[in-house]
Each structure stands twice: as C-alpha cells, then as structure tokens.
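Here is a short briefing on one protein model.

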Amino acid sequence: MHQISRVSRSLWLISLLVLITPSEAGQRSDSFAVSAIVAADRCVNKCIPTQALGGAVDGHDKSECGRMFTDTNIAEMRSAGLGPVTYRLRTELGGEVWHWNPRGTWSDASHHCGYWTSDDSIGEPINVSYGYRLPRRGNTIDQANDDGYSRITDGNEDSFWKSNPYLDSHFTGESDDAHPQWVVIDLGATKPVNSIRIHWGTPYAEQYRVEYWTGDDPMHLQVDHADEWRAFSRGVVDHSSGEDEPIRLSEQPISVEFVRIVMKRSSRKTTELSNDIRDRLGFAIREVDIGRIDSNGRFHDYVHHAADRQKQTIAYVSSTDPWHRAEDIDYNIEQPGLDFILTSELTNQLPILVPVGVLYDTPENAVAEIKYLLQRGYDLEGIELGEEPDGQWVSPEDYAALYVGAARRIRGLSPRLKLGGPSLQNFESHLLTWPDASGNRFWMNRFLRYIRARESPFDFFSFEYYPFDNVCADAAPQLLKIPMRLGAMIASLRQDGVPSQIPWLLTEYGYSVFAGQPEVDIEGALFQADVVGLFLTQGGARAYLYGYEPNYLVDELKCSWGNLMMLQLNPKSEKLNRLSTYYGARLITKEWMQPTNSPHEIFSVAVDQGNSTASPSVTAYAVQRPDKQWSILAINKDPKHPAQLSVGFKFSDTQPPVPFSGKIDIIQFSRQQYVWRDNGPNGGPTRSFPPAYFRRDASSAHRLPPYSLTVLRGTLQSP
C-alpha cells in the first residue's frame with residue numbers, strides 16, 4: 001500500500017468532513033428549527049439567468065487593467081457563470097472628463113484646451129482610455145480616489161470654480177432662475193458668523209443669497225429631521241456687480257457650521273479670450289472667506305485655504321464646468337478601452353450596458369461615443385447616463401436637465417436605443433434632498449417629474465447597493481439586515497414613482513464601498529446570494545456583481561484587508577485564488593438555476609424561525625427551473641449554529657403545503673469548503689473547494705451548516 005502524501009491525506013480528511021450527511025449532522029443539540037413555505041401558486045417574477053446575472057467592469061489604477069484582463073484571467077472570470085457585463089465609469093465618480101477615445105478635438109484647438117469631443121470615426125481599436133481632472137473643480141471630496149481639491153478654498157486667486165454651462169437657459173430652454181447653482185462651505189465646527197467675502201470670477205452672480213443650515217449636516221439628510229436653510233438677515237443680494245468687498249450678513253454673529261451661497265441670474269461675462277458661449281454661461285468663484293467682523297471692524301476668516309484635500313475647508317458644489325486642458329490627464333486612473341472589452345470573451349456575446357458621461361462631460365462627447373459604438377456594430381443592452389448623481393450632491397432637477405439634454409441627442413441616433421439611469425448610490429429608506437418650493441424632498445420623485453414633463457426617454461431604472469460602511473464591525477449582525485434594508489430601499493423607490501413596467505437594474509452591488517475582510521471571507525458569498533435572491537423576488541430584471549475582475553487586497557479603513565473581488569491576484573505568481581464570492585456565483589448560476597437561456601419562474605418564500613423576534617438568521621429563495629425541478633436557495637447567516645430547515649410548497653389556501661419527494665440534490669457551501677486566513681496584505685484562502693454535492697432522500701428537515709449556502713433541488717409529491 002502506497003503511503004498517502006500529507007496533501008492527499010489533508011484532502012481525504014476534509015472530504016470526510018464534507019460528506020457528513022444532513023441527517024447525521026442534524027443530531028447536534030445546538031441547532032435551531034426554521035420552516036420555509038413557498039407560495040407556489042403565484043409566480044412573482046421570471047428571469048433568464050444567463051441574461052439576468054452579470055458582472056461589472058470598472059476603471060482601475062495605473063497599469064492594473066493589463067494585469068487583470070489577461071486571456072487566462074478572463075477565462076477564469078467567465079467560469080463563475082455570470083452572463084452580461086456592465087461597463088462602469090470611474091471617471092464620472094472622480095469628477096473627471098472621460099476621453100473615451102484618445103483621439104478627438106478640443107474646442108480651442110490651438111491651445112489644446114476647452115471642451116473635448118472624442119473622435120467617432122473608426123480607427124485603431126481603443127484598448128485603454130483616461131480621465132482628465134477639471135481645473136474648475138468645486139468639490140473638495142470625490143467618490144473615486146478622492147485625491148483632488150476644490151478651487152474655491154485653495155488659496156489661489158488665479159484658479160476658480162465654475163458651474164456647468166449646460167444648466168444655463170441657453171441650453172435648457174428654461175427661465176434663467178430654473179437651475180440656481182450653489183456652493184456649500186463646511187467650516188468643520190460651529191463658528192460665530194456674521195460676514196462673508198466672495199471673490200467672484202466671471203461670469204459672476206448678479207443675484208444671490210447667503211444662508212446657514214439650522215441642523216447638523218445638510219449633505220446627509222435624515223427622514224425625521226426638519227432642518228432647513230435659512231437666509232442671513234442681510235444675506236440677500238439682488239444687484240451685484242461682482243465686487244469682492246465683504247458683506248455683513250447679520251448684526252450679531254450666528255453660530256453655524258454650514259454656509260450656502262445660492263446663485264441666480266448670471267452676468268454672462270467672461271475674461272477668457274474665447275468666442276465659445278459656454279465660457280460666458282454659469283457662475284464662477286475664485287475664493288470664499290467666511291467669518292466674523294469684530295467690534296473693531298476687523299474680519300476674522302474661518303476658512304482654511306489650501307490646495308490640499310486634507311488641509312482645505314471642505315466645499316460642495318451643485319455642478320462643475322467640464323472645461324479642461326491636455327495637461328490635466330490623470331494617468332493614475334485608467335478605463336479599459338471600449339473596443340477591448342466589447343470584443344473580448346467577457347461579453348459572452350450578449351448585449352452590454354454602457355455609460356456616457358453626463359455630470360462632468362458634454363452631450364457632444366456622449367453622442368460621439370454612442371455613434372462610434374453603433375458604427376462598430378456592437379450590441380448595446382442600454383445606455384446609462386451618468387453615474388451616482390445623488391452621491392455627488394447634484395440636485396434632481398440639475399441631473400434631469402443634463403440627462404434630457406444628452407438623451408434627446410442620443411435617441412436621435414437610433415429609436416431602438418434604450419436609455420436610463422441614474423445609477424443611484426445606496427441610501428437608507430427614502431433618498432432625500434433639500435425641499436423644493438412645494439416642500440417635496442424626494443430626489444427620485446422630482447427627477448421623474450422633470451423628465452416626464454419633457455417627455456424624455458426613460459427605458460430602465462438603475463441603482464447600486466453597498467449597505468455597510470463599517471467593514472471593521474462584526475459582519476454577522478450586519479448580514480441579518482440585508483433583506484430589511486434592500487427591501488426598504490426598493491419599497492421607497494416604488495413610493496417615489498419609479499415605474500414597475502420598466503426593467504430595474506442593480507448595476508453594482510457589494511458588501512461595502514470600502515475594502516474589508518467580509519468581502520473575501522465566507523460572508524462575501526452569503527451577502528451575494530441574499531442580495532440576488534431578494535432582488536429577483538422583488539421583481540428586479542438584472543443584477544451585476546461588482547468585483548468581477550481579479551484584484552489585490554486593500555486596507556482602506558486600517559482595520560482589515562479585503563476587496564470587492566471574486567478572484568485574487570497573486571503578486572508572486574500567475575495563479576488566481578478563487579474566493580467565496582466566486583463559488584457563490586457558481587452555486588447560484590449553475591446549481592440554484594440552470595445555466596440555460598430558458599425562463600425561470602421565481603416564487604416568494606415565507607420563513608418562520610419560531611418565536612425569534614430578531615431578524616431571521618435564515619433566508620430562502622425559490623425558483624422553478626425549466627427542467628421542472630423546484631430549487632430552494634437557503635442562506636444560514638448564523639456564524640455558530642446550524643439550522644434544521646423544513647420546506648413546503650403551498651398551492652392552495654385550503655390544502656397543506658407539499659414537501660419534496662424521492663431523491664433530492666443538496667449542494668452546500670460553508671466553512672467546510674472555504675476558510676480565509678487573515679495575514680494582512682498576504683492573506684488568502686487556506687481552504688478553497690467547490691460546494692459539496694449530495695443526493696439524498698427527501699427529509700422532513702435538512703441541515704444548514706453555520707454560515708452556509710444550501711441549494712435543495714428536486715420534485716414534489718403530488719398535491
């Protein structure tokens with residue numbers, strides 16, 4: 001008899017653990033009972049999994065795309081079973097203009113600056129593209145690398161912020177005050193304020209007002225808070241000539257942290273040597289001083305002026321002018337080329353969802369992009385206009401105006417194109433904004449009203465889901481909140497008027513926007529399954545996993561290493577580590593559902609965990625597959641205790657639920673298959689096996705291991 005090697009012996013021992021039958025393991029006394037009743041008499045949704053479950057491809061740091069998208073890596077990505085691809089636009093989050101084609105023209109060609117339009121003619125394939133930083137940037141903070149700064153508080157009188165000229169009545173066709181622009185200054189703490197000095201650029205505001213916030217934080221609103229912007233007693237200016245003199249806002253200082261400048265009626269003047277109308281539209285500010293005039297008439301400025309994100313006083317703005325220069329190219333962020341992605345095996349020969357820049361771009365550049373893609377003959381699932389406007393503090397009316405301006409021009413290329421958005425960020429309950437004249441605070445409701453009034457195409461709705469900001473906290477109690485939080489988000493969007501007749505796309509989802517261990521440990525697979533199951537049960541059309549590309553570990557919050565990824569790059573070899581989300585994807589696409597192009601019917605499931613008043617530890621989702629098998633995806637989010645799950649299928653209110661019959665397939669993924677080793681930047685799975693497969697007689701209860709995914713699949717007794 002040959003001696004068993006250490007590696008073979010380890011695998012043999014593990015296989016013994018994996019092959020413990022549900023009935024044998026179910027004798028443990030620490031398990032809890034739970035029942036799942038499928039409402040089998042009413043289908044709530046239908047989907048084709050090869051079209052409904054996809055992955056998101058995004059921009060990355062310098063030279064990363066080449067390491068991620070090798071032929072070998074693409075083959076490994078595809079083996080997860082995901083179908084369609086959505087192309088994400090990182091430059092839009094970074095407050096940058098996207099030169100989707102490096103070839104193109106400047107509005108001021110002689111100086112290589114101005115407003116850029118990429119070339120829509122067919123040339124060499126585009127393999128990589130870049131964003132360009134905006135020298136007229138207003139926001140201190142951005143949603144990408146967050147390494148820029150505001151020109152309003154940078155201490156440089158030669159630089160300035162300017163609002164987006166496409167929000168002027170010249171382009172919108174609306175009244176001059178339909179889209180007031182604003183700047184919010186966060187002083188960092190409450191300060192006694194009674195004076196402001198605005199160093200205007202050109203064009204300046206002929207009419208404006210200065211206000212203060214009565215509550216805690218105007219940039220992150222709460223449903224039950226009735227705080228408001230209130231004008232200083234002397235803060236309304238109706239006839240400004242653009243001078244820089246300080247304005248006394250009130251007799252006595254008022255303790256405030258947030259100050260807002262709301263601008264109406266532009267001077268439409270410019271000092272630029274340009275005939276481009278866009279240089280004369282909007283509003284421009286070079287610097288802002290906010291403070292107190294003391295009893296001796298001396299002005300004390302509370303604003304920290306520095307060309308540094310970490311040192312300057314934080315500024316937020318309503319919009320930003322997409323004017324820029326050739327020298328503003330940002331080589332630190334690269335987007336994979338459109339041709340590279342759309343001709344790769346990643347698409348699975350399916351239509352792709354593509355973006356166009358809206359918030360920091362021009363409609364001319366957006367039209368050129370879609371014209372180029374159509375000329376190339378690419379199959380487009382849809383066109384997403386902009387990305388995460390709510391997370392960048394854009395008002396619903398301003399985003400809607402930019403959306404309408406781009407959508408009308410793009411639709412003119414082909415009536416078959418499907419246009420939508422807005423790719424909303426994750427939010428709690430209702431997505432709020434500052435109230436309009438009628439008191440309406442609901443962002444999505446106001447956006448929809450605007451585009452409907454202008455009969456703009458809106459063919460699909462898109463949003464994102466990243467529920468947990470705190471990746472340092474224990475993941476177990478957070479996982480329990482997934483159904484409640486995602487369900488509340490979907491319900492609030494329906495209340496705000498998002499039509500159910502159009503497709504709802506979950507264009508990105510992940511545990512957190514920050515990197516952390518739960519994303520690469522077993523929790524990543526549990527999160528993925530719960531989100532996909534609930535989204536489809538709630539009527540969702542397509543869900544795209546973020547983190548489709550292989551990547552490295554990151555420690556963003558200095559508490560744990562992780563990343564949104566299903567495959568881990570190894571700095572010392574070409575081998576990829578398969579992570580829990582990879583196996584979760586395979587279990588969903590190849591076991592819970594059939595990997596076919598045929599419709600699956602989805603049914604709601606009621607889970608009863610006895611007398612427990614807490615969020616259920618077990619969730620379950622049901623489909624009837626084209627092969628006529630019923631398939632249950634059950635998730636046990638208890639990290640320590642197994643569950644005993646009984647399943648019934650209810651076809652009538654007058655008859656008892658019907659159980660599985662005969663032999664059933666049981667596919668399980670738990671810590672018996674996957675174990676993560678936390679070792680800082682060198683962490684990785686010490687055990688990484690596919691889900692275990694059993695074929696057993698149907699039972700009254702089936703064991704769900706702690707922290708596990710289980711698929712129960714089979715036929716039913718005759719009702």
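**A buried charge pair and its setting**

E464 is buried, with a relative accessible area of 1% (buried means under 20%, exposed over 50%, partly exposed in between, with a 1.4 Å probe and protein chains only). Its salt-bridge partner is R88, with the closest N and O atoms 3.4 Å apart. A salt bridge here is a side-chain nitrogen of Lys or Arg within 4 Å of a carboxyl oxygen of Asp or Glu. The model is predicted: local features need pLDDT of at least 70, side-chain atom pairs count only at pLDDT 80 or more, and totals for chains, interfaces and linings use all residues. Residues are numbered from 1 along each chain as its sequence is written, and side-chain values use heavy atoms, leaving out hydrogens and water.

**Salt bridges**

- The whole structure holds 40 salt bridges.
- R88 lies in the loop between β5 (85–87) and α6 (90–93), while E464 belongs to strand β25 (residues 460–465). The two are 376 residues apart and link distant parts of the chain.
- R88 is also buried, at 0% relative accessibility.
- D321 pairs with R136, and their closest N and O atoms are 2.7 Å apart. D321 sits in the loop between β19 (314–317) and β20 (324–325), and R136 in the loop between β9 (128–133) and β10 (161–162), 185 residues apart.
- D321 is buried at 0% relative accessible area, and R136 is buried at 4%.
- E591 bridges to R713, with the closest N and O atoms 3.1 Å apart. This pair joins helix α15 (residues 580–592) to strand β40 (residues 708–716), 122 residues apart.
- E591 is partly exposed at 23% relative accessibility, whereas R713 is buried at 7%.
- Shared partners join R88, E384, E387, E464 and E508 into one salt-bridge network.

**Overall fold**

- The protein chain has 15 helices and 40 strands (DSSP runs: H or I of at least four residues for helices, E of at least two for strands, numbered from the N terminus).
- Its radius of gyration is 28 Å, close to the 27 Å that the globule rule gives for 719 residues, so the chain is as compact as a globular protein of that length. The radius is taken over C-alpha atoms, and the rule is 2.2 Å times the number of residues to the power 0.38.
- Along its principal axes, the C-alpha trace spans about 90 × 60 × 55 Å.

**Burial**

- Of the 719 residues, 58% count as buried.
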